[in-house]
Amino acid sequence: MRYSELLLPTLKETPAEAEVMSHKLLLRAGFIRKLSSGIYTYLPLGLASIRKVEQIVREEMNRAGAQELLMPMVQPADLWKESGRWEKYGPELLRFTDRHDRESCLGPTHEEVITDLVRRDIHSYRDLPLNLYQIQTKFRDEIRPRFGLMRGREFIMKDGYSFDATESGAEITYGKMFDAYHRVFKRCGLSFRAVEADTGTIGGSFSHEFMVLADTGEDTLVICRNCSYAANMEKAAVAPPEKPGEDVGLLPLQKVETPGKRKVDVVCEFLGISPRELVKTMVYLADGDPVAVLVRGDHEVQPVKLKNMLGAVDVEMVDEKQIFDITGVPSGYLGPLGLDIPCAADREVAAMVNFTVGANEKNYHLQNVNLPRDFKVFQVADLRQLTEEDKCPSCGGELELTKGIEVGHIFKLGDSYSKALKATFQDSSSEEQNFVMGCYGIGVSRTVAAAIEQNHDQHGIIFPLPLAPFQVIILNLDPKNQEITAAAESLYSQLQQEGLEVLLDDRDERPGIKFKDADLVGIPYRITIGKRFVQEGEVEIRTRADGITQSLSPDKALTEVVSAIHDGMAATWE
């Protein structure tokens with residue numbers, strides 16, 4: 001492709017709307033343009049990178065035995081009501097009514113549609129297992145779309161769905177997809193980690209997220225330094241607490257005055273105790289109903305763990321006014337004794353003795369409180385946020401907290417959708433059984449943004465070779481010089497004959513502009529042809545990732561670049 005014929009509107013300044021680096025660089029490099037909030041047009045180079053991801057995904061899905069299809073983006077409300085998700089999914093589901101007053105939605109995901117398809121056409125265990133996928137535009141009406149392609153309302157996604165006759169068969173399919181996802185992101189040239197994760201609104205019993213490791217990631221990951229354990233912070237299990245020694249006696253309950261002392265650190269300083277000896281009583285609304293949660297003073301509640309324990313759709317912490325309205329107690333003095341709302345405890349609290357809590361009375365706390373002597377809870381569970389001081393729940397090793405960007409998510413769905421939609425088949429005994437399902441998603445457009453978050457510098461994008469819109473850019477520094485232009489055209493033609501994707505910058509622009517644009521766009525290899533070629537017969541090769549440059553004859557430069565690209569692409573394959 002010739003730069004003079006390419007739609008590539010680069011920008012010198014970063015648009016004010018852009019927050020994260022991928023958003024800034026995608027706009028500045030001319031890869032995307034905003035149409036409306038969270039909705040973008042993919043310009044030629046942006047689409048080229050997206051197509052690279054799509055092709056890798058398609059090849060690996062097919063290699064794993066999945067079959068590609070394409071389902072409608074508009075979905076009838078009846079299917080969503082049948083599955084129970086029409087209301088459960090929430091306001092992110094864009095609902096509308098057509099001219100015949102039929103309710104529909106724009107598809108954020110396709111569990112209902114695929115299950116309906118299979119229940120109509122698959123009736124025997126002999127037709128299983130079945131693994132289907134599509135690459136399609138999705139729409140989720142995010143309340144605050146931001147970060148460009150990282151959290152848009154409209155985006156490109158690969159979503160796949162498997163159907164098995166048995167749980168053991170579903171385990172095998174899940175394993176195949178787990179391995180296929182590893183191959184996808186390895187071939188994309190990304191540094192990533194698969195972590196245990198919460199299933200969220202998709203549902204199911206178990207899931208893994210595939211996270212691109214990046215300092216700017218929204219998600220916190222918990223990774224063991226000693227073993228393979230890795231989990232999203234929402235899912236990360238806390239190792240069971242040590243039980244108190246048998247020689248620890250239970251002291252008598254004592255009410256103490258704590259005038260004006262409401263915050264944990266202030267109360268602890270006043271009483272001469274550690275936050276490890278105090279228990280906070282936190283109040284949440286679970287689907288509108290209040291529930292109290294007890295955690296140690298130096299810990300925080302993990303809302304997703306609480307939501308899953310309660311089987312709730314939505315969990316929200318209440319503010320100080322709501323606490324008083326619900327309990328009649330000022331914030332900071334709330335405690336579990338005599339509290340008339342359900343109370344659950346983190347299991348670390350259940351292992352504590354002689355701890356301090358609020359007395360449910362302004363300016364007072366209770367000391368030497370013990371569970372279950374002084375109060376009862378309806379459930380004890382792992383409800384707190386893990387910290388870096390905790391040990392690995394798998395091997396007891398040291399943990400590391402790092403940041404990541406979710407680019408893929410796989411789920412064990414079980415029969416939750418097939419049961420709700422009455423999707424059954426006949427087993428070998430002619431008995432009706434529900435399909436055992438799995439669900440597998442990759443954010444295709446998001447993967448491009450995540451790659452940029454992981455690979456950039458102060459000058460622009462540093463594309464991994466497999467995702468770059470072009471593999472090589474040739475800079476003709478003097479298009480008016482016939483000798484330089486002839487050499488540039490010759491290399492351009494030869495590289496294309498070698499099967500490489502080449503961009504020839506033939507613009508009549510200053511060299512500085514060409515160098516800056518080449519760095520901004522992030523093409524892996526740059527060949528510069530200028531005065532050195534006229535004087536010494538050499539061109540310059542520069543690798544974008546490390547800045548290493550070489551001066552070689554055009555023939556040697558051709559051999560060097562072709563070899564480097566072939567080796568680089570081969571390195572991403574298993």
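# Briefing on a predicted protein model

Pro-372 is located in the loop that runs between strand β19 (364-369) and strand β20 (379-381). The structure described here is a predicted model. Its protein chain has 574 residues, of which 52% are buried.

**The chain as a whole**

- The secondary structure of the protein chain consists of 16 helices and 31 strands.

**Backbone geometry**

- A cis peptide bond also links Leu-128 to Pro-129, with omega near 5°.
- Pro-129 belongs to the loop between helix α5 (111-121) and strand β7 (130-139).
- Asp-101 is not a glycine, yet its phi is positive, near 65°.
- This aspartate, Asp-101, sits in the loop between β5 (95-97) and β6 (103-106). Asp-101 has a relative accessible area of 66%, and it therefore counts as exposed.
- Asn-368 likewise has a positive phi, of about 60°, although it is not a glycine.
- Asn-368 is part of strand β19. With a relative accessibility of 13%, Asn-368 counts as buried.

- Gly-30 occupies the loop between helix α1 (21-28) and strand β1 (32-36).
- The relative accessible area of Gly-30 is 0%, so this residue is buried.
- In sequence, Gly-30 and Leu-8 are 22 residues apart, while their C-alpha atoms are 5.2 Å apart in space.
- When residues up to four places away in sequence are not counted, Gly-30 touches Leu-8, Pro-9, Thr-10 and Leu-43.

- Arg-187 is found in helix α6, which covers residues 167-187.
- The relative accessible area of Arg-187 is 9%, so this arginine is buried.
- The side chain of Arg-187 forms a polar contact of 2.6 Å with the side chain of Glu-59. A polar contact of 3.0 Å joins the side chain of Arg-187 to that of Glu-60.
- Leaving aside residues up to four places away in sequence, Arg-187 touches Ile-56, Glu-59, Glu-60, Pro-466, Thr-572 and Trp-573.

**Cysteines**

- A disulfide is a covalent bond that connects the sulfur atoms of two cysteines.
- The model is assigned 0 disulfides.
- Cys-188 is in no disulfide, and the nearest cysteine sulfur, which belongs to Cys-439, is 19 Å away. Cys-188 counts as buried because its relative accessibility is 0%.
- For Cys-343, the closest cysteine sulfur is in Cys-268, at a distance of 18 Å, which is too far for a bond. The cut-off for a disulfide is a pair of cysteine sulfur atoms within 2.5 Å.
- Cys-343 also counts as buried, because its relative accessibility is 6%.

**The second largest pocket**

- The second largest pocket contains about 610 Å³ of space.
- Its lining is made up of 23 residues, and those nearest the centre of the pocket are Pro-241, Glu-242, Arg-276, Arg-296 and Glu-348.
- By class, the lining of the second largest pocket comprises 9 nonpolar, 3 polar and 11 charged residues.

**The cavity**

- The structure holds 1 cavity of 30 Å³ or more.
- The largest cavity has a volume of about 40 Å³.
- The residues that line the largest cavity are Ile-473, Ala-518, Asp-519, Ile-523, Arg-526, Arg-542 and Arg-544.
- This lining of the largest cavity divides into 3 nonpolar and 4 charged residues, with no polar residues.

Terms used
Residues are numbered from 1 along each chain as its sequence is written. This is a predicted model: local features need pLDDT of at least 70, side-chain atom pairs count only at pLDDT 80 or more; totals for chains, interfaces and linings use all residues. Side-chain values use heavy atoms; hydrogens and water are left out. On a 1 Å grid over the protein atoms alone, a cavity is a set of points where a 1.4 Å probe fits but cannot get out, and a pocket is an open set with protein on both sides within 12 Å along at least five of seven lines; lining residues have an atom within 4 Å of a point. Grid points are joined across faces, edges and corners, and a volume is the space filled by probe spheres set on the points. Ala, Val, Leu, Ile, Met, Phe, Trp, Tyr, Cys and Pro count as nonpolar, Asp, Glu, Lys and Arg as charged, and the others, Gly among them, as polar. Buried means under 20% relative accessible area, exposed over 50%, partly exposed in between (1.4 Å probe, protein chains only). Helices (H or I, at least four residues) and strands (E, at least two) are DSSP runs, numbered from the N terminus. A polar contact is a pair of N or O atoms within 3.5 Å; within protein, one must be able to donate a hydrogen and the other to accept it, and residues adjacent in sequence count only if both atoms are side-chain atoms. Contact means heavy atoms within 4.5 Å.
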